Amino acid sequence: MAQNNGYFVSDPPTEFPMFTGMPITRTVNDYDHSPTGYQFIVYSCDAYGNITATPDVIGQTLTITTNDPYAYPVTPTTIDAATGQAIVNVIFHTAMEGVTVGAHITLDGIEEFETPGFPTNAGTPYGLQLLVPGLYVENGSGGWVGSAWDNGVRGEENAQLSGIYFPVTVLACDMFGNFAQGVYDQVQVSSGDDSPSAIPQSGSPVTLTLDNSSATMNARLIRSGGSIPVSYTHLTLPTN
């Protein structure tokens, strides 16, 4: 989308949206996709979309917002007196439809602006997620926390009945926990149950092949009492 001086959409001219076009689709800002963020330009303009920097606007605090719940906060800024604009970088973490970016200023009477919604896509496949009943993925919530990688899996595992099958799903995701398509790697799912009829049995993992980044198996634990771990090993690319 672009700024356009005096642009109007009705005849006679009564509506001045002040821009043309639509925002492009973007990819979340992982290591491979503009890790410092995507540039957005905020213009100070009159009612017809002409760029102007009036004295009452100069020095006012400009706040940039987005409805991406896990986007990196943008440092408040001000309109440049010479250019009538402010350039900001927005770092997106959540793959979602209808992302918006808004500009808000502290001066009363100045119309605020929010972009039309646009999609953000998942980033480069980065790691895996393992889901059992009770667990879910919170897209965009993952990332590095100190020296540990958080894959965006949330919730608490439900208790399972001995001998009853339950689904175990392995997903490929980007570094923020968004589902990342296009992965066909092999993984092994194992458990801490050494019962002969357990699936998977301790020491006898089940090998799965991801089909476009997803694979599901039916597991069955026999041993009762206490917690029994269910885990995965990434065979093709043993990293995260």
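This is a predicted model: local features need pLDDT of at least 70, side-chain atom pairs count only at pLDDT 80 or more; totals for chains, interfaces and linings use all residues.
**Notebook: strands, cores and one loop glycine**

I started at glycine 117, which is partly exposed with a relative accessible area of 40%. My cut-offs here: buried is under 20% relative accessible area, exposed is over 50%, and partly exposed is in between (1.4 Å probe, protein chains only). Residues are numbered from 1 along each chain as its sequence is written, and side-chain values use heavy atoms, with hydrogens and water left out.

**Entry: around glycine 117**

I placed glycine 117 in the loop between strand 9 (113-114) and strand 10 (118-121). Strands, as I use the word, are DSSP runs (E, at least two residues), numbered from the N terminus. What does glycine 117 touch, not counting residues up to four places away in sequence? I found Met22, Gly98, Val99 and Thr100, with contact meaning heavy atoms within 4.5 Å. I also checked glutamate 97: its C-alpha atom is 7.3 Å from that of glycine 117, though the two are 20 residues apart along the chain.

Next I looked at an open sheet of three strands, order 3-10-7, with mixed pairing. Strand 3 (26-27) and strand 7 (96-99) stand at its edges with a single partner strand each, so one side of each has no neighbour in the sheet. Pairing needs at least two bridges found by DSSP between two strands. Strand 7 and strand 10 run antiparallel and are joined by two bridges; methionine 96 has threonine 120 as its bridge partner in strand 10.

Another open sheet has three strands in the order 5-8-9, with antiparallel pairing. Its edge strands are strand 5 (62-66) and strand 9, each pairing on one side only. I followed strand 5 to strand 8 (residues 101-105), an antiparallel pair with five bridges. Threonine 65 is bridged to glycine 102 in strand 8.

**Entry: strand 16**

Then I turned to strand 16 (residues 166-173), where seven of the eight residues are buried. Which strands does strand 16 pair with? I found strand 11 (residues 127-131), antiparallel with five bridges, and strand 19 (residues 214-219), antiparallel with six bridges. Leucine 131 has threonine 169 as its bridge partner in strand 16. Phenylalanine 166 is partnered by alanine 219 in strand 19.

**Entry: cores**

The largest nonpolar core has 21 residues, and Val168, Val170 and Leu210 touch the most other members. I count as a core a set of buried Ala, Val, Leu, Ile, Met, Phe, Trp, Tyr and Cys residues joined through side-chain atoms within 4.5 Å. At least two residues of this core come from each of strand 11, strand 16, strand 17 (186-191) and strand 19. Strand 16 gives the most, with five residues. I listed the contacts of leucine 210 beyond four places in sequence: Leu128, Val170, Ala172, Val183, Tyr184, Asp185 and Ala215. A second, separate core of 17 residues includes Phe40, Val101, Ala103 and Ile105.

**Entry: isoleucine 41**

Last, I looked up isoleucine 41 in strand 4 (residues 38-43). Isoleucine 41 comes out as partly exposed at 36% relative accessibility.

Note on methods: Helices (H or I, at least four residues) and strands (E, at least two) are DSSP runs, numbered from the N terminus.
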